[in-house]
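Reader: Can you walk me through this one? I'd like the layout first and the details after.

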Amino acid sequence: MTLRNAISVIILLFLMGCETPILEDVKAIEEVNIWADEHEVTSKDFEEFQNQFDLRIASDSISGWWFSADSSKWKSSFTASHLRPNGAFIDDSLSPAVQVSWTDACAYCNARNGRLPTTKEWMAMTSGSYSPGNIWEGYFPLKDEGLDGFLAQSAPVKSFRAHETGLYDLFGNVWEWTSSAAEEGKYYVKGGSYLSDYNSGGFLPDYTMAFSADSLRADLGFRCVYTRSN
Ligand SMILES: [Ca+2]
């Protein structure tokens, strides 16, 4: 954890538990008694959060990683940004906020009196079933056919129809942080991304990966959940 991240969390912890959650665009998940964001947090949402608290996050000063479909390689770049998930010249403010560390994702959810879901809660959001999303259609990393309309990049939230639980973007698009710890320094992620192909099946409900908490990736975002009182 960087000092900057630690500061951001300390500031935002003051906001926890003091107000009723703002329940806009959320769905009730009865099995685990939570509310869940209807879709992944967008870059617009995250920019508003940063502006509200005059907050800098890790990806404001550290290179993030993005996958170059042209070279079939991951590349590190200072221009990899949560504010422009798919490139500096593309206005995609409604695409998922990416290049956000686990700590900074927690800070965002804390500010909304929410938190990241556990892997169990994330599974409950899916009811154990799958519906189509933005994935890598072909053999990763060689070629993405882009038949779903989005070739080797994320899609704006709600571009695909809602899952049976009423939530959007659960499968593919971007991995989602959970609060469940894996081996030291890592946390589980769920849902796969636009880089997940049929061979890996990373977008399927029961598939789980783990990334280091300080991971900054173009295919990794999050959504928040809120504990219900009844
Ligand atoms: Ca796609």
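**Notes on the fold**

Author: Helix 4 is followed by Ser 127, which has a positive phi, near 55 degrees. Keep in mind that this is a predicted model.

Reader: Which residues of helix 4 are buried?

Author: In helix 4, residues 119-126, the buried ones are Glu 121, Trp 122, Ala 124, Met 125 and Thr 126.

Reader: And what covers them?

Author: The cover includes strand 1 (26-29), strand 2 (34-37), strand 5 (175-181), strand 6 (186-190) and strand 9 (225-227).

Reader: Back up a bit. How many helices and strands are there in the protein chain?

Author: The protein chain has four helices and nine strands. In sequence order the pattern is α-β-β-α-β-β-α-α-β-β-β-β-β. Of its 230 residues, 46% count as buried. Among contacts with a separation of 6 or more, 71% are between residues 24 or more positions apart.

Reader: What is the mean pLDDT?

Author: The mean for the protein chain is 87, and 87% of the residues reach 70 or more.

Reader: Where does pLDDT stay under 50?

Author: Over residues 1-21, for which the model has 31 contacts beyond four places in sequence. Where pLDDT is low, the predicted coordinates should not be read in detail.

Reader: Noted. Now helix 2: which residues are buried?

Author: Helix 2 covers residues 43-53, and Ser 43, Asp 45, Phe 46, Phe 49 and Gln 50 are its buried residues. Viewed down the axis of helix 2, they fall within an arc of 160 degrees, so they line one face of the helix.

Reader: What do those buried residues pack against?

Author: Helix 3 (102-111) is what the buried residues of helix 2 pack against. On the other side of helix 2, Glu 48, Asn 51 and Gln 52 are exposed.

Reader: What follows helix 2?

Author: Asp 54, with a positive phi near 50 degrees.

Reader: How many bridges between strand 1 and strand 2?

Author: Four, in the antiparallel sense. Ala 28 stands opposite Trp 35 in strand 2.

Reader: And strand 3 with strand 4: parallel or antiparallel?

Author: Antiparallel, over five bridges, with strand 3 at residues 64-68 and strand 4 at residues 73-77. Trp 66 stands opposite Lys 75 in strand 4. The two strands form a hairpin with four residues between them, and Ser 72 in that turn has a positive phi of about 55 degrees.

Reader: Last topic, the nonpolar core. Which residues touch the most other members?

Author: The largest nonpolar core has 54 residues, and those touching the most other members are Ala 36, Val 100, Ala 105, Tyr 108, Leu 116, Met 125 and Trp 177. Helix 3 gives this core its largest share, seven residues. Met 125 was also listed among the buried residues of helix 4.

Reader: What is Leu 116 in contact with?

Author: Leaving aside neighbours within four places in sequence, Leu 116 is in contact with Ala 105, Cys 106, Cys 109, Trp 177, Thr 178, Ser 179, Phe 222 and Cys 224.

Definitions and conventions:
Residues are numbered from 1 along each chain as its sequence is written. This is a predicted model: local features need pLDDT of at least 70, side-chain atom pairs count only at pLDDT 80 or more; totals for chains, interfaces and linings use all residues. pLDDT is the predictor's confidence in each residue, from 0 to 100. Two residues are in contact if their C-beta atoms, placed from the backbone, lie within 7 Å. A residue is buried if 20 or more other C-beta atoms lie within 10 Å of its own, exposed if 12 or fewer, and partly exposed in between; C-beta atoms are placed from the backbone. The arc is that of the directions from the helix axis to the C-beta atoms. Two strands pair if DSSP finds at least two bridges between them. A nonpolar core is a set of buried Ala, Val, Leu, Ile, Met, Phe, Trp, Tyr and Cys residues joined through C-beta atoms within 7 Å.
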